Amino acid sequence: MRKTVQLLLTASLCGCVAAAPRPDAGGGGQRVDSIPIPLALEEIITTGIRQRLPDSASAKFGRMLAGERTMNGRKEIVVCGFVNGKDSSGGYGRDQAFIAKIYPDSGSSFELVAMGDASETRHIVGSTCSAAGLPISDSSSKTQL
């Protein structure tokens, strides 16, 4: 009886560990070490985001935060921020929240993880970035790049 109870207790603890949620920034599961965004990195980010906008020249970037980490032996930079650009009708809409990754060891390749202006997307991006250590709660400080 005693061994059965110990076995059940051990099994239940293993189940708890396997089901525990982990912070995530676009699939990584590890907090990042915050870094400044130098001009070269800013160029990679803005170019990558502009390619996904209907009117790339109209892009206005707001707050952006970056952090780096190593996942599975691969260095990556996670970037969270806001962008606004003209839509197909020629007007500006709401700021779009985004998460992107840059891989310095792979020719600084750019990967857009998520971007959107819908409240659900903004919430997912905001909570994911906060969990990674990059809290981007407002987009009020805009600068055009």
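The model is predicted, so local features need pLDDT of at least 70 and side-chain atom pairs count only at pLDDT 80 or more, while totals for chains, interfaces and linings use all residues. Residues are numbered from 1 along each chain as its sequence is written, and side-chain values use heavy atoms, with hydrogens and water left out.

Let's start with the strands. Helices (H or I, at least four residues) and strands (E, at least two) are DSSP runs, numbered from the N terminus, and two strands pair if DSSP finds at least two bridges between them. E2 and E3 run antiparallel to each other, with 10 bridges, and Met64 faces Gly81 in E3. Two residues separate E2 and E3 in their hairpin, and Asn72 in that turn has a positive phi of about 55°.

Move on to E4. E3 and E4 are an antiparallel pair too, over seven bridges, and Cys80 has Ile99 in E4 as its bridge partner. E4 (residues 96-103) in turn pairs with E5 (residues 109-116), antiparallel over seven bridges. Lys101 sits across from Glu111 in E5. The hairpin of E4 and E5 has five residues between the strands, and Gly107 in its turn shows a positive phi of about 65°.

Now for the helix. H2 covers residues 39-50, and its 12 residues should span 16 Å at 1.5 Å a residue; the end C-alpha atoms are 16 Å apart, so the two agree. That expected span is 1.5 Å times one less than the number of residues. Buried (under 20% relative accessible area, with exposed over 50% and partly exposed in between, using a 1.4 Å probe and protein chains only) are Leu41, Ile45, Thr46, Gly48, Ile49 and Arg50 of H2. These residues pack against E1 (33-35), E2 (60-71), E3 (74-84), E4 and E5, where contact means heavy atoms within 4.5 Å. E3 itself is mostly covered, with nine of its 11 residues buried.

What about the cores? A nonpolar core is a set of buried Ala, Val, Leu, Ile, Met, Phe, Trp, Tyr and Cys residues joined through side-chain atoms within 4.5 Å. The largest has 15 residues, and Ile45, Ile49, Phe61, Val79, Val83, Phe98 and Ile102 touch the most other members. H2, E2, E3 and E4 each contribute at least two residues to this core. Another core, of 10 residues, lies apart from it and includes Val32, Val78, Cys129 and Leu134.
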